[in-house]
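This briefing is for a reader who is meeting the structure for the first time. It takes up a sheet, the helices beside it, and then one further helix.

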Amino acid sequence: MYIKAHAKINLYLDVIGKREDGYHEMEMVMLPLELHDSIEVENLSYLGDSYITCDHVDLQETKYNLINLTINKLREIYKFKDNFNINIHKEIPIQAGLGGGSSNAAVMLNVLNKILKLNINDEELNHIAKTLGADVPFCLKNKPAVVKGIGEKITEIPLKYEYFVIIVKPKRGLSTKRVFEKADTIELEHGNIQNVVEALKNGDDELLASSMFNSLEKASLSMVEEISDVKSMLRNDGFKMVLMSGSGSAVYALTRDKQLARSMFKKYEKKGLEVYLTKTLK
């Protein structure tokens, strides 16, 4: 079975505060992207263990990745004996804030529920997903949404337009854990989530450009200064809707101008940047 695990971007990310249990209370607006990893899953009951391989040089040690954690979490709860051969073809850049690991985990939750006939309902799937990561519940749905709490409170939102998306990934990636640790030591700013929701609903690109917000940028910029350079480059090249996604380090630009997106993609490729051209999914 081949499945797609889609990337995401944050149009809004506000860290409301840190809870006593160590989790962070969040408010986010997230969109799924056409950009995706491809995952092949085989149920091979005769295997003595599950085998996970990945074609990304930095992810070849996959024993402890989120897919493996997902299998172990479901096995612990539902006591199945099955093992799997899993091959991951990576297209989503790692340590970029684009939800690559989270989308892989979400796909495995859905696939194992289906092929093992576990009959897990949506509420329980959502509960399991939030224990794997704040973005995993969103990736289960894979629809434009407002996401609150520790990632488990999801409200789908309408999009008037689809957007082309240019993503530029700085050479250095960022650990989500390290970014949040840094964010806990500084005073964070806050935005207006309702403006972003209204802008998407009404197709108001001017309002969206002025309302897109990421309270983790301050922490991430202190570790990877190139994020600021990439944002400036994108704005100077004609993009108005520009933001760092998640905990970074990837920066993206939205546009409805297909020609602008294609021409800048080619320009950045020629400059040797790690760049991706994709679009949002409704």
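Two strands pair if DSSP finds at least two bridges between them, and the elements themselves are DSSP runs numbered from the N terminus, with helices (H or I) of at least four residues and strands (E) of at least two. The model is predicted, so local features need pLDDT of at least 70 and side-chain atom pairs count only at pLDDT 80 or more, while totals for chains, interfaces and linings use all residues. Residues are numbered from 1 along each chain as its sequence is written, and side-chain values use heavy atoms, leaving out hydrogens and water.

**The sheet**
- Val-165 has Leu-254 in S10 as its bridge partner, and strands S7 (residues 164–169) and S10 (residues 251–255) pair in the antiparallel sense over 5 bridges.
- An open, antiparallel sheet is formed by 4 strands in the order S9-S10-S7-S11.
- Strands S9 (241–244) and S11 (274–279) stand at the edges with a single partner strand each, so one side of each is left without a neighbour in the sheet.

**Helices on the sheet**
- Helix H9 (residues 226–236) packs on the sheet and touches S7, S9 and S10, where contact means heavy atoms within 4.5 Å.
- Helix H10 (residues 258–270) lies across S7, S10 and S11.

**Helix H3**
- In helix H3 (residues 122–132), the buried residues are Leu-125, Asn-126, Ile-128, Ala-129 and Leu-132, buried being under 20% relative accessible area with a 1.4 Å probe and protein chains only.
- These buried residues of H3 pack against helices H1 (66–78), H2 (100–115) and H4 (136–141) and strand S6 (153–156).

Terms used:
Axes fitted to C-alpha atoms, helices over the stretch in contact; angles between N-to-C directions. Buried < 20%, exposed > 50% of the residue type's maximum accessible area, 1.4 Å probe, protein only.
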